[in-house]
Amino acid sequence: MGIMSSSHGPDDHQVHEPESVHLGHVKSYAAGVPAVAVALRRGVEQMGPLRTAKTLTKLNQRDGFDCPGCAWPENPGHRKHAEFCENGAKAVAEEATKRKVTPGFFAKHSVDDLRTRSGYWLSQQGRITHPMYLAPGDTHYREISWDDANRLVDEEISAMDSPDEAAFYTSGRTSNEAAFVYQLLARSIGTNNLPDCSNMCHESSGTALGASIGIGKGSVTVPDLEAADLIIIAGQNPGTNHPRMLSTLEKAKHNGATIVAVNPLPEAGLMRFKDPQKVGGVVGAGAKLADDFLQIRLGGDMALFRGVARLLLDAERAAPGTVFDHDFLDNHCAGVDDYLRLLEDVDLDEIVQATGLTRGQIVTLAEKVASSDRIVLCWAMGLTQHRHGVATIAEGTNVLLLRGMIGKPGAGLCPVRGHSNVQGDRTMGIFEKMPESFLAAQDAEFGISSPRKHGYDTVAAIAAMHRGEIRLFMAMGGNFVSAAPDTAFTEEALRRCALTVHVSTKLNESHLVTGTAALILPTLGRTDKDVVDGVPQQVSVEDSMSVVHLSRGSLPPASDQLRSEIAIVCDLARTVLGDDHPVPWRRFRGDYDAIRDRIERVIPGFEDFNIRVRKSDGFTLPHPPRDDREFDTPNGKANFAAQPLEWLPVPEGRLILQTMRSHDQYNTTIYGHDDRYRGIKGNRHVVMVHPDDIAAFGLTAGDHVDIVSEFDGPDGTEERRVEGFEVVAYDTPRGNAAAYYPETNPLVPLRSVAKGSNTPVSKAVVIRLERVGDQLPR
């Protein structure tokens, strides 16, 4: 379509919308000079040269601000001058842009008009500058005062028959302090309806780890990864999703580590890394990362871990005492005998069928696991977003437990989380099922009565909205419509609310799918100065390895109408709960240290919070399995999970689809239409299919197809459809396919969730392809 017209007004920002697909070479390495060039170009386009320099030199530095992108930690004591990656620079450019969405923009653009625009176009328009209100029956958002906005929310809460008619969603960008006061507001109102983005990504990790080792967090640090002699990376694409991890992997390789990549697609970041801060990354070939690449079929990871465990058992029997860590198993583990009996029935031929790997590849991995002294297992959504995601992570944990790889330097479990503070939000109480210890401590500290009835997670909240049981939906950041599964169902659910409220920095699709009325409340971003009554404030975040550190913005806000997330919550709380409420909302609004003082009295591990967080690298929260081999489980042991083997056969004439990111996006934020590492440019409406499958279905690369998902419903097979996708021949396993989200989120039915975690199954969607204009036989 070329460049989008600016006919709607001079304040619109022109952007390149999708054109035809152009296929280039699949990259064999990640980062390098092109990554630097792209990062700088995007920064200058959005911020200008001076603002770009000011922000990027402060990004992830001790006196600067935390990246609003991923949660990968900095290496304590060894930060580089440029402590950011390409996608982190893009995230900062999006937030620190000079472009603005003013009330005049909304006056020119009706909601219906904005619905015709892509999410990319919406995000490129800039920072929202004023609170905006869409009244019942209105066609345009209009400016509203903060006081009036708070009164509207108060009126809606007052009209509810039960506090559980409200749901308070949180994205992983929210700071610790904002998350704490946000959950405190929800529980003071009387509900545990606190769905969050973790419900849709790593909930399976937390569920599995909580049952196995007693804490839903990873057990390793950056130094552990650098000291490991075997690193298994399963279901994760660090080159795009966590690029700063590549520097850590390069250091581990330099120290002698073997890296095994387990993934359906051969991702550039798993193969080779060119560090642009080193001469070899500029003019040389860079560093080889993966020693072995196991191209596993979707859903086959549990089978792989089960097969490795069986081979470890065989090796232990052949040479007793040389493979299993019997001291660890005897003193710290439960369920060992039941699990070993389960391994007796493992059929390695079934493991080969389930994984799509050769027996030799599986044996080789088992030999590496048996002979390595320090093993780290890393994973991301490639494992969590399956029907058996919890069981898969538990099975990988079983393998490490057999070898005693918990609570040992250079070894452990490493769920690599996405959003920058998604782990911290959960620590702060953003969870619909917080334990009694947290609720009791909070009640004692503030003199409130938190509800004990479990609330709604994300999937349950969408279902409740669709049933008409939620009047108020409030989102602290994020793009809920684009992040959630079953897009049409989710949109209809939101429209059945009386009021939808979004605390946002930029425009997105969720602002256009509203309840009877809607509010957009503009907030400060990580890059912005946060000054209250002349006193600069700072917030804290927790990275994916439990390190808590400060974040300090340095740029003047886009408008004097922007408020911090903390201020938004505290002002709303005062309106809804009154100034005589026992929580000191007014003080919290003006002094974030006061919030931290109270956090340390509620949450273990935050003792002397304000003192320790001001140390140069912050502080690390306690992790009993890592620190002392102590396990906070009901029996005080690390528990083996003895579960039936599950894997995913491909139905005849069908494919299994995984949804995934391109290299030019972060979560639902689209930075552009190019997936540089995969060689796909110009358009995101593509489906990647193995050449032999393309031929078997009577298709040709370049054909346009509709993707139709199939799943079991109460009345038989149900379907979802997305239209007009170009078929691209790609190196996927036979029977598997891949496409980008959020474009393919409509294919994921709300009821298709992981057992135990309720996470949407976005990596295992049964589909068929229908050529546009044809009805292919079923």
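A residue counts as buried when its relative accessible area is under 20%. The model described here is predicted. Gly-396 has a relative accessible area of 1%, and is therefore buried. Gly-396 belongs to helix 21, which covers residues 389-402. Apart from neighbours within four places in sequence, Gly-396 is in contact with Phe-305 and Leu-377. Its C-alpha atom is separated by 9.0 Å from that of Ala-309, although Gly-396 and Ala-309 are 87 residues apart along the chain.

Helix 24 is mostly covered, with eight of its nine residues buried. Among the buried ones are Val-459, Ile-462 and Met-465. The elements that the buried residues of helix 24 pack against are listed below.

| Element | Residues |
|---|---|
| Strand 7 | residues 166-170 |
| Strand 16 | residues 472-476 |
| Helix 25 | residues 480-483 |
| Helix 26 | residues 487-495 |

At the start of helix 24, Asp-457 places a side-chain oxygen within 3.4 Å of the backbone nitrogen of Val-459. After the helix comes Gly-468, with a positive phi near 80 degrees.

Six strands close into it in the order 25-32-29-31-30-33, with mixed pairing. From one strand to the next, the twist averages 45 degrees. Strand 25, residues 655-660, pairs with strand 32, residues 736-740, in the parallel sense over five bridges. Within this pair, Ile-656 stands opposite Asn-736 of strand 32.

Definitions and conventions
Residues are numbered from 1 along each chain as its sequence is written. This is a predicted model: local features need pLDDT of at least 70, side-chain atom pairs count only at pLDDT 80 or more; totals for chains, interfaces and linings use all residues. Side-chain values use heavy atoms; hydrogens and water are left out. Two strands pair if DSSP finds at least two bridges between them. Helices (H or I, at least four residues) and strands (E, at least two) are DSSP runs, numbered from the N terminus. Axes are lines fitted to C-alpha atoms, for helices over the stretch in contact, and angles run from 0 to 180 degrees between N-to-C directions. Buried means under 20% relative accessible area, exposed over 50%, partly exposed in between (1.4 Å probe, protein chains only). Contact means heavy atoms within 4.5 Å. A polar contact is a pair of N or O atoms within 3.5 Å; within protein, one must be able to donate a hydrogen and the other to accept it, and residues adjacent in sequence count only if both atoms are side-chain atoms.
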